[in-house]
Structures are given as C-alpha cells and as structure tokens.
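I opened my notebook for this one and jotted things down as I went. Here are the entries, for anyone who would like to follow along.

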Amino acid sequence: MTDKVSILWADDEIDLLKPHLIFLREKGYEVVTTTNGNDALVKFAQNSFDIVFLDENMPGLSGLETLNRIKNLKSEIPVVMITKSEEETIMEDAIGSKISDYLIKPVNPNQILLSIKKNLENKRLVSEKTSAAYQQEFRSLAMMLNERLDHATWTELYKKIVYWELELNSAKDSGLYEVLVQQKSEANNQFCRFVENNYLRWLKEPDKDAPIMSHTLFKKKVLPVLTTSKKPMFVFLIDNLRYDQWKVIQPLVIERFRLKSEETYYSILPTATQFARNAIFAGLMPKYIDERFPGKWEPDDSDMGKNLQEEAFLADQLKRLRFEGKFSYSKIISHRDSTELAERILNLLTNRLNVIVINFVDMLSHSKSEMDMIRELADDEAAYRSLTLSWFTHSPLLEALDKLSEKEIDIIITTDHGTIRVQEPSKVIAERATNSNLRYKHGRALTVIPKDVFMVNNPAEAMLPTQFVNDKFAFAKQDKFFVYPNNYNQFVNHYRNTLQHGGVSLEEMIVPFIHLENK
C-alpha cells in the first residue's frame, strides 16, 4: 500500500524536517512539500493526495485557513495539523474543522508514521487483527460446543458468537465470516437439542437450575430494582429486539446513560408476541393466563387482537407482587405515537413505574416478508442491524431518552423474543384450523418431519392453552420454516430468507435485559 500513498506537507520550516522526509521516502511514501498555505492549495488542486500535513503557523494563509479551503475542495482527505502551540482554542478550532489528527512540535518521524497508518491503514490493520483474533477464538468456541453446557454457558457462548459476528462484519472478512456462520449454525443445532432436553423440566422445576424466563422476568429482574431503588423506573420493551440489535444501538444509549448491567433471559415457547409478551406482563405461563382471565386469551385462529389485555395482566401481576406504587402502560405502534411519547415523557416521572411497548422492530421484521423494498434493504443480517440502527438514531424514542437522561431514574430496555432468518423449508400437513405461523404449529393432527421440530404432544406440560382434545405444538428448530405441500415451491421462494419467530433458536430465545441509570 505504501508505494501508492502520496503526502502533501506544508510547513514554513520544511528544511528542518529533512530527516522526517527521508524517513518517509525510505518507507515507500511519496512526499510533496511546500512552505506556505497558498502553494499548498495550488498543489492540492493540481494533484491527488492521500493525506495532508499542515503547519498551523505559516506566513500568509494560516494552517486553519488552509485547512478550511482544503476541506471545501475535498472533504474526505484526512488532514493532520502540526503546531508549536498548545493553546486550547487552537485545538478546538482545528477539531471543529474536522482534522484527522493533531500533533505538537517537535514531532519525531515515528509519530508521523503512526498518524499515516492510523488515518490510511487503520481499517486494514484492524481487519487483519480481528481476523487473526477470531482464528484463535475459533478453537475455543469449538471446544465449548463439545462441552456439556447449561443455560448460563449457552448464553455466554451466544454472546461470544454475536461479538465475532459484529467484528468480522466490520472487518469485511467474508471468508472468516462464512466460517463463523457455519459455527453459529452448529451452535444452533446443539442449542435446539439442549432446549428439547431441558425446556419442560425448567417449567416443571423452576427453582432447579432453570433460567429466568418470560413469566418470571418481572418478579426476578424488575421487582428487585423497584424495591431497592426509590427512583422512577421506565421499562422500554422493544418488541422483537435481538441481542445483536441491542449491541448496535448500545453506543447511542450509553452516550446518555450509565450501563449498570447487561444481561439476558430466555423467552418462552412459542417465541411469539401473543405468548411471550403476555407471559411477561401477566407473570404467568399462557395456560394459567387463560385460566385466570376467562375470555381474555385469544386463540391462535382468532381474528381479534392477541395483545389487547397487557395492561390488565400487568396490573394483576403488580398486585400479586404487592407493588403499591402508581404505574402507567403505553403501547407505541406508529410514528405519531412515538412523537406523542417524546412530548409527554417527562409527565410520566410522577409514576413509580412506566412500561412502554415499542412495536417498530417487530413491524420491520414482519414487513420484510411482505414488502419488496424492505426485503432488499434488509437482505442480510448486517443490513437488518443497520436498519435497526437507522430507525433508532432518528426515532422519537431516542429523543425521549435524551430528555430522561437529565433525570434521576432507572431504565430497563428489554424485549419479548428475537427473530431468525429462515432458510430451510420443512413440510407440514395439518388441519385447516391450524395457525399460520411459519415457526410453530398448533393443532390436532400435525404431520411433521421429526428431526426438524421440537414436538410437544401434551401442551399442558409446556403450560400452553389448548382448544381441542389431542392438541399439539410443533416448534421449528434452527432456521427451518413450515410449508404446506400445496403450492410448496411458491411459498418456499416467498418466505426463504425472511425474518420469522415462534420457534427454537439462539436468536429467538436468548434476548437482552439491560439496566441503565443516569450518569
């Protein structure tokens, strides 16, 4: 790379810098010099340079004036300011003019070399370092997969996979990224077996090595904060927010709040809003919600809204937990709702607890199945994360968080379940009344491919409601999605590579629970 790098260096004492110039030329860099800002602008306009070094104090045009004119010509070219002055105002002016680096004289050749590498070779060097680090980590992850993991170590493994997924994606190493994708697929395969072997036991013996799950989340994670802290609490439940999506919006959040804890919990099955979110707010598994609130649990085949009772479920749970403070519940399903929330967010400070459901991410993932434009914009995992970040960056939710950052409060950011990009169709034969979800099926006569599903023949064991005798639940594993034999190819082509939820996978079941406080 260095034999192609061209440097423009403007300094009225350039003759004193001959050792630096010789050093750089020996390293393979081409260096063009000038002693003033005017000549620097002429040469900059006539030639192509990769980086510019500017002395701040030159006769005629100052370094700052030259900097501004260079940025007007080609704003993307990195400019490094070199000065004898350590005055804070000069530093601030230079930084405000978007310099790439700031060096104080006297500078040594290695400082110059480091600045060049930092500005021109940073991405390559980071990519090479990241790739080498993952190659070392690959063996460690493989060894973990060969061990007998419990729910906590599965969480640890999943977090490591997400970390490397984000790192390798940033490094643009497509070869190693594909290796990671295969390793993640193997992890999901083993995780599905782990869930199949342990899920019903977790429900039957919740106090015996069971993870925190949807129906125990408020009691075990939210209530302890409420009882130990006297500050108002805001719980933002962003529907369908995966752990990797949290990681991409995290930098924006921690600019405003201190990260007190970053944890995860396990979504119940089905990993679908009707079941998982109602379980969170009721503090009960769906079977017991149906029994406790007759007529308020809508079956799968109902045309009625399936999440219309959340506030009533939450009120009932808080009463059972003996929480006596004032609380509010809000559901944000449109941009208008978000804008209104941002406008009135400070009015909620009089409540001890405020629960706010944000539906945007869930709508985005569902839209991908239906809208060609969204399908193109979120064609892979990196693009899907990017869409999430773009939404969050420009959302009224971030505006609301800005306002709350100035107040003494506790904030929880969590979700009800995640989502997975489905790739492999799995044939299913079922009655007409069977639900339409692509990741789980609920009905009486289900014919499935056994290796593709976690089958629950007795819904009561999974604490799920039933409509008919002999009802069963079938949960798709890994990246499988259910397709009926009729019009098979048409549906496969339509739904392959779309984002779905309801089944068993790391992405759907291990989801974030974040506790924040004011800085």
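**Entry 1**

I looked up the strands and found three of them in an open, antiparallel sheet, in the order β13-β15-β14. Strands here are DSSP runs of E with at least two residues, helices are runs of H or I with at least four, and both are numbered from the N terminus. Two strands pair if DSSP finds at least two bridges between them. β13 (440–443) and β14 (453–456) are the edge strands with a single partner each, so one side of each has no neighbour in the sheet. From one strand to the next, I read an average twist of 15°.

I then checked β14 against β15 (residues 472–476): four bridges join these antiparallel strands. Valine 453 sits opposite alanine 476 in β15.

A note on provenance: this is a predicted model, so local features need pLDDT of at least 70 and side-chain atom pairs 80 or more, while totals for chains, interfaces and linings use all residues. Residues are numbered from 1 along each chain as its sequence is written, and side-chain values use heavy atoms, without hydrogens and water.

**Entry 2: α2 and α3**

Next I took helix α2 (residues 37–46) and helix α3 (residues 63–73), whose axes come within 10 Å and cross at roughly 15°. Axes are lines fitted to C-alpha atoms, for helices over the stretch in contact, with angles from 0 to 180 degrees between N-to-C directions. The angle makes α2 roughly parallel to α3 (under 35 degrees; over 145 is roughly antiparallel, 65 to 115 roughly perpendicular, the rest oblique).

Which residues meet here? Gly37, Ala40, Leu41 and Phe44 in α2 meet Thr66, Arg69, Ile70 and Leu73 in α3, where contact means heavy atoms within 4.5 Å.

**Entry 3: α7 and α10**

I repeated this for α7 and helix α10 (residues 243–254): the axes come within 10 Å and cross at roughly 55°. That makes α7 oblique to α10. Tyr158, Lys159, Val162 and Leu166 in α7 meet Tyr243, Asp244, Lys247 and Val248 in α10.

**Entry 4: aromatic pairs**

I looked up the aromatic pairs and got 24. Rings of Phe, Tyr and Trp (its six-membered ring) pair with centres within 6.5 Å; planes under 30 degrees apart are stacked, over 60 edge-to-face, the rest tilted. Tryptophan 154 and phenylalanine 191 have ring centres 5.4 Å apart and planes at 70°, so this pair is edge-to-face. Tryptophan 154 lies in helix α7 (residues 151–171) and phenylalanine 191 in helix α8 (residues 174–204), so the pair ties together parts 37 residues apart in sequence.
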